[in-house]
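Please keep the sequence and the model in view while reading.

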Amino acid sequence: LDAIGVDVAWMGKNLTTEALRAGFAILEIRQRAHQDPDTTANEIEGLQRARGGVAVIDTIGIGAGTFAKLKNHGCDVVGFNAGAAAVDHRGKPLTDDSGELEFVDMRSAAQWRLRDLLNPSSGCPIALPDTAFVTGDLAAPRRLPPRSGGRMKVESKDDIAKRLKRSTDHGDAIVQAFALELLTRGQASYGAPIGIGKTWSGDLVTADDSDDDVNERDDRMFSA
């Protein structure tokens, strides 16, 4: 594995979700209900020992405990702070592939990174699980009006959850898995996987237009 995107949950309806990535392919999505953050850390540590990969963990809220335990155990882990400034490790603003768009926060930059990778013109042999949840989650986020300086902002997780009446766990874990290079190496490696891994040529399943009116809007992040 190259990366493991981990969206940590515990109580309530949300599920802890892990997206296992090799090269440009998401090989598997694992979910756990009501699993405490400590147990999630133990599970990720075992997965890394067996298959490698850098864990990219949402460190806002519950995920902070999982991140801290893995870090203390010397595991390969990177924190994903959705609200952090969208800059690389040198403090340089992250942009889209055109170099024209900057972003309000890291969540917006990471969402846009995956959007750029899914663009057929990128030439990336990206492959995602052919499921309604994956398609629905990735088609759901909306672009908000540009902020000062022309910086782009993507709809928040909370606002999406209110609109869909569910959390986009699959999509969030996938976005984090593909954000690894953005977080660790910045814009210079924007379209390149961090390791060799395996790559597949695959198609993204077509979303059912009746699922949500987002598929009819010009402000959707991903075309279904």
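From the N terminus on, the elements run β-β-β-α-β-α-β-α-α-β-β-α-α-α, which comes to 7 helices and 7 strands, where helices (H or I, at least four residues) and strands (E, at least two) are DSSP runs numbered from the N terminus. The model is predicted, so that local features need pLDDT of at least 70 and side-chain atom pairs count only at pLDDT 80 or more, while totals for chains, interfaces and linings use all residues. Residues are numbered from 1 along each chain as its sequence is written, and side-chain values use heavy atoms, with hydrogens and water left out.

**Chain as a whole**

- Of the 224 residues in the chain, 47% are buried, a class that means under 20% relative accessible area, with exposed meaning over 50% and partly exposed lying in between (1.4 Å probe, protein chains only).
- The chain exposes about 10200 Å², of which carbon and sulfur atoms supply 50%; accessible areas come from the Shrake-Rupley method with a 1.4 Å probe, and for residues only the protein chains shown count as cover.
- Among contacts (heavy atoms within 4.5 Å) between residues at least 6 apart in sequence, 62% join residues at least 24 apart.

**Helix packing**

- Helix H1 (residues 37-51) packs against helix H2 (residues 63-72) at an angle of about 45° with the axes 8 Å apart, where axes are lines fitted to C-alpha atoms, for helices over the stretch in contact, and angles run from 0 to 180 degrees between N-to-C directions.
- H1 and H2 are therefore oblique to each other, given that angles under 35 degrees count as roughly parallel, over 145 as roughly antiparallel, 65 to 115 as roughly perpendicular and the rest as oblique.
- The contact between H1 and H2 involves, among others, Pro37, Ala41 and Ile44 of H1, together with Thr66, Lys69 and Leu70 of H2.
- Helix H3 (residues 106-118) and H6 cross at roughly 85°, their axes coming within 9 Å, and the two are therefore roughly perpendicular; residues that meet there include Ala110, Leu114 and Leu117 in H3 and Ile174, Val175 and Phe178 in H6.
- Helix H4 (residues 132-139) also crosses H6, at roughly 75° with the axes coming within 7 Å, which makes H4 roughly perpendicular to H6; the contact is made by Phe133, Val134, Asp137 and Leu138 of H4 and by Asp169, His170, Gly171, Ile174 and Val175 of H6.

- Gln176 lies in helix H6 and counts as buried at 2% relative accessibility.
- Although Gln176 and Val6 are 170 residues apart along the chain, their C-alpha atoms are separated by 7.2 Å, and beyond its neighbours within four places in sequence Gln176 is in contact with Gly5, Val6, Asp7, Val56, Ile57, Asp58 and Phe80.
- Ser167 sits in the loop between helix H5 (157-164) and helix H6 (169-178), and it is buried, with a relative accessible area of 18%.
- Leaving aside neighbours within four places in sequence, Ser167 is in contact with Asn14 and Ala161.

**A residue in strand E6**

- Leu144 belongs to strand E6 (residues 143-144) and is partly exposed, with a relative accessible area of 27%.
- Not counting residues up to four places away in sequence, Leu144 touches Met152, Lys153, Val154 and Glu155.
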